[in-house]
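I opened this model to look up two things: how the chains touch, and how one chain is divided. My entries follow.

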2 protein chains.
Amino acid sequence: MEASSAPVPPSPEARPRRSGYRRLPVQQRREQLIAVALELFASRPPDEVSLDDVAEAAGASRPLVYRYFAGGKQQLYEAALRTAAQELTSRFTVPLAGSPTEQLSSVLESYFAFVAEHDAGYSALLRGGSVVETQRTSAIVDDVRRAALKRTLRHLGVREAGPRLTLLVRSWIAVVEGTSLSWLDEGRALPVGELREWLVDQFMAMAAATALHDPQTARVLSALLALEGPDAPRAARLREVLTG
Amino acid sequence: MEASSAPVPPSPEARPRRSGYRRLPVQQRREQLIAVALELFASRPPDEVSLDDVAEAAGASRPLVYRYFAGGKQQLYEAALRTAAQELTSRFTVPLAGSPTEQLSSVLESYFAFVAEHDAGYSALLRGGSVVETQRTSAIVDDVRRAALKRTLRHLGVREAGPRLTLLVRSWIAVVEGTSLSWLDEGRALPVGELREWLVDQFMAMAAATALHDPQTARVLSALLALEGPDAPRAARLREVLTG
């Protein structure tokens with residue numbers, strides 16, 4: 001929705017109630033409101049953040065916020081979510097240097113940094129049951145998951161993934177998501193570096209289990225192990241622990 | 001669901017408006033309404049099922065449904081969800097015979113049967129964004145996940161699970177859930193028997209990756225491998241594929 005299509009209540013930006021809010025250009029004001037909303041949604045579950053809270057934190061009036069977000073809190077929440085989703089997706093970039101598992105670990109580092117920044121909002125969104133959750137917000141989250149799937153497959157050098165390889169990557173992404181939620185739930189008690197290494201090991205192990213059922217995954221895993229170098233120490237340790 | 005509780009139009013029950021509905025004892029009527037609602041919620045997303053649909057399918061009047069569920073569709077949905085949750089939880093029973101992986105496979109068989117029966121409702125619920133989803137419905141789903149965690153840990157012979165072992169089992173449960181959703185999404189294209197075997201292999205592999213980071217999981221895995229018999233063929237195949 002465009003700000004211009006919103007109904008125009010007593011133009012508070014032009015005629016401020018008190019001695020005047022700072023006047024900002026339209027796009028800048030919109031971005032400021034979204035940034036302020038994101039900060040509030042990160043510190044409290046969305047159900048506990050009101051439009052007035054956003055207005056107050058932004059140093060703006062309630063009507064001004066409505067001028068930009070005629071749909072009120074729900075629209076503001078969705079705009080904030082879209083901004084957060086874009087930011088998260090941009091973090092999926094894989095560094096050029098390093099072995100595949102080092103690269104994976106680096107992407108996980110950005111991911112956990114994002115989770116730490118968006119804390120309460122991230123948690124409430126993925127946990128479900130919030131009043132601001134709609135089919136639209138679910139679709140935004142699904143888009144992020146799809147982007148993560150696409151990037152991971154590209155990183156693995158796969159052009160067209162069959163259903164089993166797709167299931168593997170989707171499952172691993174679900175494990176990453178669940179792990180980050182558990183991490184927040186338990187007050188970040190587990191060291192994030194250890195979780196990252198655990199998730200990389202999970203990827204390797206889950207790929208191995210999938211390779212037993214799927215030639216495409218077997219080829220991907222074998223290429224990955226070759227790139228890990230002659231020892232592939234993670235694989236060696238997994239083999240050892242599976243000896244019982 | 002009992003055959004006797006299914007709506008049977010045309011029948012004495014289905015001569016509404018004229019000679020009156022069949023009179024059922026309170027508890028039986030309540031159960032019948034829930035059973036009918038469950039069937040409807042299984043075949044269509046909850047947002048597309050109305051209270052009138054339930055009344056009609058139950059051969060009951062709208063006011064009668066409201067007499068049992070004053071909160072309307074939302075309350076009926078939650079009651080149906082609670083019934084489904086109980087039924088699912090009761091399926092987590094592990095058979096006494098067989099190796100640990102055979103037992104796991106058998107529990108997964110009941111789980112997938114449940115998913116197949118509740119199809120659209122299961123999918124809509126876990127996907128999120130439905131209007132009937134509230135903090136209460138999320139709590140019911142979380143209870144089922146907690147029950148699954150508890151049963152799995154008990155099955156592994158664990159009394160007090162540390163954070164890493166808990167994370168492993170929770171992650172595996174998330175993978176089972178995501179896999180069942182993908183299975184439905186793709187029109188059940190992948191053979192369910194293969195998915196079940198894949199999930200058992202995933203458990204073994206994920207436990208191995210966790211054992212690298214956690215002595216408790218290492219002990220559990222080692223006990224599991226011992227029970228699998230001298231060859232533990234699944235572990236052997238995993239080792240092989242990890243050799244690259």
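Entry one, domains. I note that this is a predicted model. I looked up how chain A is divided and found domain 1 (3-77) and domain 2 (91-241). I then checked the spacing of their centres. Taken over C-alpha atoms, the centres of domain 1 of chain A and domain 2 of chain A are separated by 36 Å.

Entry two, the contact between the domains. How many residues of each domain take part? I find 9 residues of domain 1 of chain A in contact with 9 residues of domain 2 of chain A. On the domain 1 side, I see two or more residues given by α1 (26-43) and by α4 (72-90) of chain A. The largest share of that side comes from α1(A), with 3 residues. I sorted this side by class as well: 5 residues are nonpolar, 2 are polar and 2 are charged.

I count 47 residues from chain A and 47 residues from chain B. Which elements of chain B supply at least two residues each to the side that touches chain A? My list reads α6 (135-155), α7 (163-185), α8 (192-211), α9 (215-227) and α10 (233-241) of chain B. Of the side of chain B that touches chain A, α8(B) gives the largest share, 11 residues. By class, I log 23 nonpolar, 16 polar and 8 charged residues on this side of chain B.

Conventions: Residues are numbered from 1 along each chain as its sequence is written. Chains are lettered from A and ligands numbered from 1 in the order in which they are written. This is a predicted model: local features need pLDDT of at least 70, side-chain atom pairs count only at pLDDT 80 or more; totals for chains, interfaces and linings use all residues. Two residues are in contact if their C-beta atoms, placed from the backbone, lie within 7 Å. Helices (H or I, at least four residues) and strands (E, at least two) are DSSP runs, numbered from the N terminus. Ala, Val, Leu, Ile, Met, Phe, Trp, Tyr, Cys and Pro count as nonpolar, Asp, Glu, Lys and Arg as charged, and the others, Gly among them, as polar. Domain bounds come from an automatic or database domain assignment.
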